[in-house]
Amino acid sequence: MENMFCFQCEQTARGTGCTAAGVCGKKADTAHEQDVLTCEMISLATAAQKNNATDERAVDLIVDGLFTTITNVNFDTAKVAKLAAEVKAEAEKYYSAVVLKPEDLFASESLNKDIRSLRSTLLFGMRGMAAYAHHARALGKRDADVDAWFVKGMAEIGKEHSVDEWLGLLMEFGGVNLKCMALLDAANTGAYGNPVPAQVPLTIEKGPFIVISGHDLHDLKMLLEQTDGTGVNVYTHGEMLPAHGYPELKKHAQLKGNFGTAWQNQQKEFEGIPAPVLFTTNCLMPPKAGYADRVYTTAVVQYPELTHIEADANGHKDFSALIAQAKSLGGYAEDKNLTGINGGTTVTTGYGRQTVLDNAGAIIDAVKAGAIKHFFLVGGCDGAKPGRNYYTEFVKQTPKDTVVLTVACGKFRFNDLDAGAIGPFPRILDMGQCNDSYGAVQVALALAGAFNCGVNELPLSLVLSWYEQKAVCVLLTLLSLGIKNIYIGPSAPAFFSDTVLNVLVEKFSIHLITTPEEDLKAILG
Ligand code: SF4
């Protein structure tokens, strides 16, 4: 098979691009089909825009197609090719589609570096937004403006633009992604209630259990309903941890705790696990032989030879195969005491937007009285590359009169630390998944309103870690809101050309992380 080109995630080979095979395990033929799928989606969007004839089926195909190409989601070449064929057929059914080649748009190192950088940034951001739109759709929520932008954005990716026009599109997209995150927030809280603080054990109780990973709360709810009264316990993994805060999910007594640490440790932590594991979204790594027969996928997540659970025509998923396997494996014979990476035996979550805003008065009083001197939002994705212990050390070194808000899975670097408390609050407040960055933005805006200043004038610093494409859409949203002085690590995206990085530094005062000591000194003075 021909070589590939992919540079969409932080672990890309040599920091420049995967060209023989993906560091993530993606093979060249899968990468090629993902590029073909992307071009078919651009063709569909271009033709739909030209004919002013966007329909829901076309948008749904674009959303699923974009989500399919996110890092650690789909490794199944045949399934990706099938989806590309469906997109092509849809375009040909209604529109006269144009034919585009990946190497002319983004998949070649010989293209103009700055244009390829800006085009890729928009494409990767849209991949992230597609994941959020997909989860909202699972709960029956969609938004006409967001849908229309999936068509507009993909059509624009197929066109030529000046640097300024690309930057304008990126900022417009950031605003639309905020709307999409708000949609998902409304979908999740509407279905399962506003998250409330919860202490989550890391111990796995004896007896049969299932581990569920990823972001899709609707999948978790279906699994909980089907495990009610079966004697099979359910444990979250990775980005599913914040589920423990939602009243309609935590009311299922068999939702017991969280299994393991960060996603990138799964090949070690799942080895020999006496239970099945369900992946609802990224981050799936190629499974090892020691547990591959216990891994199930659903939605757009797929890996050759793993059992895939499809929804029926009504959206219902039958998890009876997992429940039967959980019973036959039997789980651990005795309670298994697992810990976080710092040795903690429990973690807390559930400090969602509403909980924090409900306590805004006390928080504002604490700031005015000097009990809280600074807020840090330490959020984003975790990853395997060295250098990410920066975030553990950063949080450890934050002064005791500061609060650390966190979202997404980077929190597994420090969420089992006992960092103390300020008044009734722990110093580390887990606000949820990466999409709950929406809630963090709402809190920042509320604080700015209370102190009668802009977000950039607040005693608030954003220290972000990135790995995959959802981090890209969240970053573009923050920039579109005019938020400056964001610290990003562990390294600059390979798809930022020098020119693009310089523009972001000049326009938004973005900083690449250095050391916890130096960055804290720069922030706190
Ligand atoms: Fe490489 Fe990341 Fe692309 Fe995988 S997703 S092929 S690791 S750049």
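**Notebook: cores, cavities and ligand shell**

I started with the largest nonpolar core, which has 138 residues, and found that Phe-150, Met-154 and Ile-273 touch the most other members. I note here that the model is a predicted one. I then followed Phe-150 and, leaving aside its neighbours within four places in sequence, listed its contacts as Val-59, Ile-62, Val-63, Leu-66, Met-126, Met-129, Ala-130 and Ala-133.

The largest cavity has a volume of about 470 Å³, and of the 42 residues that line it, Gly-379, Gly-380, Ser-437, Leu-464 and Val-474 lie nearest its centre. I traced this lining to strand S11 (374-380), strand S12 (402-407), helix H15 (437-450), strand S16 (460-465) and helix H16 (469-480), each of which supplies at least two residues. By class, I recorded 29 nonpolar, 10 polar and three charged residues in the lining of the largest cavity.

The second largest cavity holds about 110 Å³ of space; 13 residues line it, and Phe-5, Cys-6, Asp-35, Phe-106 and Phe-124 lie nearest its centre. Helix H1 (28-50) and helix H5 (113-138) are the elements that give two or more residues to this lining, with H5 giving the most, four residues. Its lining has eight nonpolar, two polar and three charged residues.

Last, I turned to the ligand, which has 13 residues around it, with Cys-6, Cys-9, Cys-18, Cys-24 and Thr-71 coming nearest. I sorted this shell by class into seven nonpolar, five polar and one charged residues.

Methods
Residues numbered from 1 in each chain as written. Predicted model: local features only at pLDDT ≥ 70, side-chain atom pairs only at ≥ 80, totals over all residues. Heavy atoms only, no water. Near = heavy atom within 4 Å. Nonpolar A, V, L, I, M, F, W, Y, C, P; charged D, E, K, R; others polar. Core = buried A, V, L, I, M, F, W, Y, C linked by side-chain atoms within 4.5 Å. Buried < 20%, exposed > 50% of the residue type's maximum accessible area, 1.4 Å probe, protein only. Contact = heavy atoms within 4.5 Å. 1 Å grid on protein atoms, 1.4 Å probe; cavity = no way out; pocket = protein on both sides within 12 Å on 5 of 7 lines; lining within 4 Å. Points joined across faces, edges and corners; volume = space filled by probe spheres on them.
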